[in-house]
Amino acid sequence: MAQLMGRKIVVVGGSSGIGLGVAAAALERGAELVIVGRSQEKLLRAQRDLGGNGRVSTVTADMTREGEISAAFAGIGAFDHLVSTAGNPPPGDPIGETNADEVRRFIDDKLVGAVLVAKHAVRTLKRGGSMTFTSGINKDRPPVPGGAVVSAIAGSFSYFARALALELAPSRVNIVSPGWVDTPMFDELVGEAKAGYFEAMAARLPIGRIAAPADVAPAYIYAMENEFMTGETIHIDGGQRLI
Ligand SMILES: NC(=O)c1ccc[n+]([C@@H]2O[C@H](COP(=O)([O-])OP(=O)(O)OC[C@H]3O[C@@H](n4cnc5c(N)ncnc54)[C@H](OP(=O)(O)O)[C@@H]3O)[C@@H](O)[C@H]2O)c1
């Protein structure tokens with residue numbers, strides 16, 4: 001297992017939710033962090049909350065804008081591991097009411113964003129390093145109705161990683177697929193209904209509660225540290241795929 005002590009890790013989406021949890025867990029293991037997101041305000045708040053005695057730096061960039069993400073990685077320079085948790089709430093309309101512009105925006109945001117991150121990260125990723133992207137439970141337990149688009153896009157990430165793992169070898173590429181996690185994205189998605197959703201899901205989950213970012217962060221740490229794993233999807237969902 002590769003230790004993360006002293007390693008430079010870039011977390012795209014590291015200013016909030018799951019990415020912030022990954023940044024905190026990597027910091028505890030002695031890594032140096034670069035967190036990337038669109039909002040400078042969120043990044044600075046995350047940097048302050050993480051602490052880390054100068055081991056956390058911030059880069060403002062939108063991963064869907066190629067010029068911005070290219071400049072971001074050029075500025076970051078050589079690094080050991082990439083994690084991307086960046087994403088926004090998916091569309092959820094039943095298929096008969098699908099808005100094509102919203103679907104294109106979501107694909108651009110989630111999938112094209114990840115492709116651009118990989119394209120520009122690979123230029124300075126150290127040989128033998130790793131990339132870990134994020135899919136999610138919606139590919140296995142899609143919301144009904146309205147889950148077809150998010151399920152298709154989330155599901156595509158496993159195949160993205162398998163092909164990229166071959167192309168970028170000996171660097172490694174993996175996916176983490178979380179179940180429901182209590183993050184600001186969930187607040188944005190369901191607002192005040194969140195408590196009710198969480199209570200009902202917690203009662204059904206084998207683990208009996210909803211994850212915090214700290215519960216899923218170890219899956220990303222494992223993907224970075226385990227030097228024999230590539231092209232894989234790690235599910236960390238409290239048993240949500242079983243119910
Ligand atoms: N929360 C869950 O229950 C759950 C479950 C399964 C899968 N997921 C997936 O996990 C990922 C992270 O979710 P989360 O709950 O941690 O969300 P979150 O708390 O809203 O965090 C999203 C992060 O991504 C950044 N971001 C969004 N769009 C970006 C862009 N175009 N370029 C650069 N950074 C961008 C955000 O910062 P800025 O807004 O400042 O850019 C923020 O740091 C998402 O892809 C989501 O679909 C979440």
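**Figure 1. The largest cavity and its lining, with α4 in the lead.** α4 gives the most to the lining of the largest cavity, with 3 residues. The model shown here is predicted. The structure holds 1 cavity of 30 Å³ or more. The volume of the largest cavity is about 40 Å³. Two elements, α4 (100-121) and β5 (125-134), each give two or more residues to its lining. The lining consists of Met 63, Ser 84, Ala 86, Lys 110, Gly 113, Ala 114, Phe 133, Thr 134 and Phe 157. By class, these lining residues split into 5 nonpolar, 3 polar and 1 charged. Rolling a probe the size of a water molecule over the atoms shows where empty space is left.

**Figure 2. The shell around the ligand.**

Figure 3. Which residues have a polar backbone atom at 2.8 Å or 2.9 Å from an oxygen atom of the ligand? For Ile 18, a polar backbone atom sits 2.8 Å from a ligand oxygen. For Ser 39, the distance from a polar backbone atom to a ligand oxygen is 2.9 Å. Arg 38 uses its side chain: an N or O atom there is 2.7 Å from an oxygen atom of the ligand. Taken alone, the ligand exposes 880 Å², and the protein buries 93% of that.

**Figure 4. The second largest pocket.** This pocket has a volume of about 150 Å³. Its lining holds Trp 180, Leu 205, Ile 207, Arg 209, Ile 210, Ala 211, Asp 215, Val 216, Ile 236, Asp 237, Gly 238 and Gln 240. By class, 7 of the lining residues are nonpolar, 2 are polar and 3 are charged.

**Figure 5. Two residues of the loop between β4 and α4.** Thr 85 lies in the loop between β4 (79-84) and α4. Is Thr 85 buried or exposed? Its relative accessibility is 15%, so Thr 85 counts as buried; the cut-off is under 20%. Thr 85 and Lys 42 are 43 residues apart in sequence. Their C-alpha atoms are 15 Å apart in space. Pro 90 is found in the loop between β4 and α4 too. Pro 90 has a relative accessible area of 24%, so it is partly exposed. From Pro 90 to Met 131 the C-alpha separation is 23 Å. Along the chain, Pro 90 and Met 131 are 41 residues apart.

**Figure 6. Two residues of the loop between α2 and β3.** Arg 55 has its place in the loop between α2 (40-50) and β3 (56-60). With 29% relative accessibility, Arg 55 counts as partly exposed. Arg 55 and Lys 8 are 47 residues apart along the chain. Their C-alpha atoms are separated by 9.3 Å. Asn 53 is placed in the loop between α2 and β3 as well. Asn 53 is exposed, because its relative accessible area is 81% and the cut-off is over 50%. What is the phi of Asn 53? It is positive, about 45°, although Asn 53 is not a glycine. Most residues other than glycine have a negative phi.

Figure 7. Most peptide bonds are trans. A cis bond joins Val 144 and Pro 145, with omega at about -5°. Pro 145 is in the loop between β5 and α5 (148-168). Another cis bond joins Ala 169 and Pro 170. Here omega is about 10°. Pro 170 lies in the loop between α5 and β6 (172-178).

Key:
Residues numbered from 1 in each chain as written. Predicted model: local features only at pLDDT ≥ 70, side-chain atom pairs only at ≥ 80, totals over all residues. Heavy atoms only, no water. 1 Å grid on protein atoms, 1.4 Å probe; cavity = no way out; pocket = protein on both sides within 12 Å on 5 of 7 lines; lining within 4 Å. Points joined across faces, edges and corners; volume = space filled by probe spheres on them. Helix = DSSP H or I, 4+ residues; strand = E, 2+ residues; numbered from the N terminus. Nonpolar A, V, L, I, M, F, W, Y, C, P; charged D, E, K, R; others polar. Polar contact = N/O pair within 3.5 Å; in protein donor to acceptor, adjacent residues only side chain to side chain. Areas by Shrake-Rupley, 256 points an atom, 1.4 Å probe, with all protein chains shown as cover. Buried < 20%, exposed > 50% of the residue type's maximum accessible area, 1.4 Å probe, protein only.
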